[in-house]
Amino acid sequence: MPTDIVFSFTGLALRGGQTGPHADGWGVSLYDGLFARTFLEPHPAFSSPLARFIRENPIHTALAIAHVRKMTRGGAALKNTHPFMRVLHRRHVVFAHNGTLPTVRDRKLHVETPVGDTDSEHAFCVLLEAIRSAYGASYPADGRELGRTLYELGNELGADGVFNFLFADGEHLFARCGDHLSCILRQAPFGEATLVDADLKVNFNDLHGVGPDARMAVVATEPLTRDELWRKATPGTLWVFRAGELLATFPEAREGSSAEESGREAP
């Protein structure tokens with residue numbers, strides 16, 4: 001069910017220049033159905049009045065991507081700020097990247113055009129063109145199928161550098177680990193959690209509207225809380241989430257292997 005991201009975003013925003021070096025811009029996309037309401041700034045998140053406004057005025061959403069940037073390719077400018085967004089088959093697709101792909105801009109594009117100067121946006125355009133080529137005039141309805149495609153593309157592009165990314169389409173979140181990525185799955189009955197970056201604690205059972213079937217998935221480069229058990233991904237892993245659940249993990253588990261070996265959340 002939709003909820004706000006105030007707690008997690010508070011911790012992430014502090015990494016944008018206060019507790020972390022990612023002070024070259026920030027952005028957040030909050031989905032309402034297939035439409036992504038997006039806020040971007042080329043300034044540090046920890047001191048941003050706009051970021052504070054989002055923390056103090058909760059917006060309920062079923063899927064969100066937030067990013068704090070440490071620039072490696074392209075200056076600190078609005079056009080280079082993540083997450084990037086495009087329209088694909090009557091929906092917003094949103095993409096954020098952590099890492100550097102030194103030669104990805106050597107790949108020629110035929111339809112998509114980057115607005116900024118980053119390797120990240122160019123990689124996003126490469127992914128979009130590959131999706132258009134693979135699925136034609138219709139968007140793939142099966143998240144697992146698209147996950148497999150993004151897993152293969154992620155391995156191809158990731159051979160060039162570090163390719164941690166989040167890709168969302170309004171229904172699914174695809175999360176690839178290039179070197180560091182962690183996730184946590186929460187479900188009722190919830191407990192308490194305390195941020196790593198601030199002395200801020202929340203009891204999720206106190207949230208308005210939380211029912212017995214409520215659940216959420218949170219993905220971050222590094223864990224956002226210090227008193228919960230986060231699952232670290234193996235480099236090369238791609239997770240597919242839908243409606244607060246882990247839908248699939250790539251590479252898929254070999255016959256006889258365990259959920260732990262495949263990177264899948266164990267029971």
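Which residues line the largest cavity? I began there, and the lining consists of Ile 5, Val 6, Phe 9, Leu 30, Ile 54 and Ile 59.

**Ground rules.** I note that this is a predicted model, in which local features need pLDDT of at least 70 and side-chain atom pairs count only at pLDDT 80 or more, while totals for chains, interfaces and linings use all residues. Residues are numbered from 1 along each chain as its sequence is written, and side-chain values use heavy atoms, with hydrogens and water left out.

**Cavity.** I looked up the volume of the largest cavity and found about 30 Å³; the count is 1 cavity of 30 Å³ or more. The search runs on a 1 Å grid over the protein atoms alone, where a cavity is a set of points at which a 1.4 Å probe fits but cannot get out, a pocket is an open set with protein on both sides within 12 Å along at least five of seven lines, and a lining residue has an atom within 4 Å of a point. Points are joined across faces, edges and corners, and the volume is the space filled by probe spheres set on them. By class, the cavity lining has 6 nonpolar, no polar and no charged residues (Ala, Val, Leu, Ile, Met, Phe, Trp, Tyr, Cys and Pro count as nonpolar, Asp, Glu, Lys and Arg as charged, and the others, Gly among them, as polar).

**Helix 1 and helix 2.** I next took helix 1 (residues 6–14) and helix 2 (residues 49–56), whose axes come within 9 Å and cross at roughly 155°. Helices here are DSSP runs of H or I with at least four residues, strands are E runs of at least two, and both are numbered from the N terminus. The axes are lines fitted to C-alpha atoms over the stretch in contact, with angles from 0 to 180 degrees between N-to-C directions. Helix 1 and helix 2 are therefore roughly antiparallel (over 145 degrees; under 35 is roughly parallel, 65 to 115 roughly perpendicular and the rest oblique). In the contact (heavy atoms within 4.5 Å), Val 6, Phe 9, Thr 10 and Ala 13 of helix 1 meet Ala 51, Ile 54 and Arg 55 of helix 2. I recorded 5 nonpolar, 1 polar and 1 charged residue there.

**Helix 3 and helix 4.** The axes of helix 3 and helix 4 (residues 143–158) come within 11 Å and cross at roughly 135°, and the two helices are therefore oblique to each other. From helix 3, Ala 123, Val 126, Leu 127, Ala 130, Ile 131 and Tyr 135 meet Glu 145, Leu 146, Thr 149, Leu 150, Leu 153 and Leu 157 in helix 4. I sorted this contact into 10 nonpolar, 1 polar and 1 charged residue.

**Second largest pocket.** I found about 190 Å³ of space in the second largest pocket. It is lined by 16 residues, of which Lys 70, Thr 72, His 97, Asn 98 and Gly 99 are the closest to its centre. Strand 3 (64–68), strand 5 (92–98) and helix 3 (119–135) each give two or more residues to this lining, which divides into 3 nonpolar, 9 polar and 4 charged.

**Backbone.** I checked the bond from His 82 to Pro 83, which is cis with omega near -5°; Pro 83 sits in the loop between strand 3 and strand 4 (84–87). Phe 250 and Pro 251 are also joined by a cis peptide bond, with omega about 5°, and Pro 251 lies in the loop between strand 14 (245–250) and helix 5 (259–262).
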